[in-house]
Amino acid sequence: MAPSVRSPAIRLLYTLSSALKTTSSPLLTGHRRTFSAGNPARVEATWWKESMERLRNIGISAHIDSGKTTLTERILYYTGRIHEIHEVRGRDGVGAKMDSMDLEREKGITIQSAATYCTWKDYQVNIIDTPGHVDFTIEVERALRVLDGAILVLCSVGGVQSQSITVDRQMRRYDVPRVAFINKLDRMGADPWKVLSQARSKLRHHSAAVQVPIGLEDDFQGLVDLVQLKAYYFHGSNGEKVVAEEIPANMEALVAEKRRELIEMVSEVDDKLAEAFLTDEPISSASLEEAIRRATVAQKFIPVFMGSAFKNKGVQPLLDGVLSYLPCPTEVSNYALDQNKNEEKVTLSGTPVGPLVALAFKLEEGRFGQLTYLRIYEGVIRKGDFIINVNTGKKIKVPRLVRMHSNEMEDIQEAHAGQIVAVFGVDCASGDTFTDGSVRYTMTSMNVPEPVMSLAISPISKDSGGQFSKALNRFQREDPTFRVGLDAESGQTIISGMGELHLDIYVERIRREYKVDATVGRPRVNFRETVTKRAEFDYLHKKQTGGQGQYGRVCGYVEPLPEGSTTKFEFENMIVGQAVPSNFIPAIEKGFKEAANSGSLIGHPVENIRIVLTDGAAHAVDSSELAFKLAAIYAFRQCYTAAKPVILEPVMLVELKAPTEFQGTVTGDINKRKGVIVGNDQDGDDSVITAHVPLNNMFGYSTSLRSMTQGKGEFTMEYKEHSPVSQDVQLQLVNTYKANKAAENS
């Protein structure tokens, strides 16, 4: 019988199986190992770790006219966000991308923080335009909470100017790691080394240049990178082609000197580099770059870049510097406040594996309703998820999740910690914190400071009432320190805020954004009244007209509450027996509360008062709730003058920072405003003065401080307490109130 012939297919299978028996194929075993138990998590972990490391949240801040907007415009162009460059005051009349509000352009200050997103060398960069002014609002604090790093732009001609000092002080206050960029090297009189020494002396920066310019003014051609030791030139119509070449021979000595200076400065704050420097080992580009990054993230060193944004030179190396030296979200420690544990600080891991914690830092009225910008600090947010607003306790579904890309929106399904996204259709206020419900964390304290200044405001035209109330509602949602109320006596709308500039800007925004012209009354300080001694009252309210009359008698006393009392109004019923039926007691309390809303000195609310009811009388037929309520109101007015009332005014804690040479003028002015100086410290070349000043004497202070200190002084003020006014001020206020009353009645 002939031997069986195997088909080619069977022969191939046989060979494969025997090969498998004899050798263990690395390909197949490797494949098997990839799917071993517990590994997907590790693959997942490396995925988000890599994604987080390729993320930067930065802000660009500068003195007005240092080229911040021009620099942002170039960054957006080189990263492909915009396809043509427009100048700030260009002839084409288009204007720069980031200049959105007319009001911002006019006043030269950023009022709203804006977020934009771009990609550079596979890294995602979120650029947040932070408000430059530390006004008394919460907005600045929130914008800075969202940043992980910043670029401080300095002008190579103007150097370190007053606003640069303010901005730098602000970044230091919020622990923001930063790099500096000396701009405008193409201008006449450009001197980057002068600016660098100013930054060291005036801003107390521990900094050194990481670049050296090739030529200056009209001769400015390119830059030498001191870390990589390469010369960079920028070719093409908009400087988009970066060409790396060898260092010019005539600059080698200067480059060697500046590189040594850079290494010296970094090794002062980095032990690893100091070791190599002291043992005279050659320092490689990679180890120098790592050392600069470690020192910058730890806020011990500030690398200084150079260029000219207008002439399209030096912007791409600056972007590389942002990636190389500024921290990614996991390298910055953020904390939250646990509402379940009396606002105890909790450090967040900053990774997608924890519970969701996100902060709404900006609201925008879009075409499709309210657009809310969220910075995610921990966890993951997905479209269709239910999230909880910790500040209001509301449960909300995420209907649409987008990533802002210029004016277009890119729909995404999910976003993780460290990212900045926007959501539609979520009703919330600026500064609200969202979680997945497993924790009750807030990113900013829920204790919003009380407003200190009020203005009466009303629309000129009666037809614009709808738009007017729409504007006020929106601004209240955006800014919790902005309040709107109604004056019961005059029926006027009262807006309250943290200062003059704060309210001025809102009045102007109502006019521009909602086309509503409004008239504004004089700023009104929120005074209070209180009693200083005990006074008895015994009042009988009796009215007899045809049919059922009114009858109610109340006896007792009013007295001031003890100091440090948590409540501002206390009512106690000490009647023994049924002299006044118990069902009338709530009406009596309501009457006293109503009377305390408006004291008889200047018509402001009465605080820190305790009312004790000791006796009374009722009539079987004529007594009613209304009768006792009226009896209480008249009884309060009757005994009020006997209780020696005083007026309380809001006293502000004012912190001033001004160069020492102006110290005498500034302190003299505070004394003139009846302020009490409680502290005077020295901070470098500046004097820091702490004082308690009545708010009524602080009107127009920002303007007078600027003129006293040549624009170099700055101040912040926050509410401290209400304290009694002096006798002469009280007399003046009472007379003014009486005169106004008489004018109204005549």
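**Figure 1. Two charged side chains sit over aromatic rings.** Lysine 395 lies over the face of phenylalanine 386, 5.2 Å from the ring centre. A charge counts as sitting over a ring if NZ of Lys or CZ of Arg is within 6 Å of the ring centre and within 35 degrees of the ring normal. In a second example, the charged end of arginine 534 is placed over the ring of tyrosine 557, at 3.5 Å from its centre. A word on the source: this is a predicted model, where local features need pLDDT of at least 70 and side-chain atom pairs count only at pLDDT 80 or more, while totals for chains, interfaces and linings use all residues. Residues are numbered from 1 along each chain as its sequence is written, and side-chain values use heavy atoms, with hydrogens and water left out.

**Figure 2. Phenylalanine 305 and tyrosine 325 form a tilted pair.** Their ring centres are 6.1 Å apart and their planes meet at 40°. Rings of Phe, Tyr and Trp (its six-membered ring) pair if their centres lie within 6.5 Å; planes under 30 degrees apart are stacked, over 60 edge-to-face, and the rest tilted. Phenylalanine 305 belongs to strand 11 (residues 302–306) and tyrosine 325 to helix 12 (residues 315–325), so the pair links distant parts of the chain, 20 residues apart. Helices (H or I, at least four residues) and strands (E, at least two) are DSSP runs, numbered from the N terminus. Both phenylalanine 305 and tyrosine 325 are buried, meaning under 20% relative accessible area, with exposed over 50% and partly exposed in between (1.4 Å probe, protein chains only).

**Figure 3. Phenylalanine 571 and phenylalanine 592 make another tilted aromatic pair.** Here the centres are 6.1 Å apart, with 35° between the planes. Phenylalanine 571 is in strand 33 (residues 569–573) and phenylalanine 592 in helix 15 (residues 585–596), 21 residues apart. Phenylalanine 571 is buried at 17% relative accessible area, and phenylalanine 592 is buried at 0%.

**Figure 4. Four aromatic residues are joined in a cluster.** Ring pairs connect Phe475, Phe482, Tyr506 and Tyr514. The whole structure holds eleven aromatic pairs.

**Figure 5. Helix 9 packs against helix 10.** Helix 9 (residues 252–267) and helix 10 (residues 271–278) have axes 8 Å apart, at an angle of about 130°. Axes are lines fitted to C-alpha atoms over the stretch in contact, and angles run from 0 to 180 degrees between N-to-C directions. Helix 9 is therefore oblique to helix 10 (under 35 degrees is roughly parallel, over 145 roughly antiparallel, 65 to 115 roughly perpendicular, the rest oblique).
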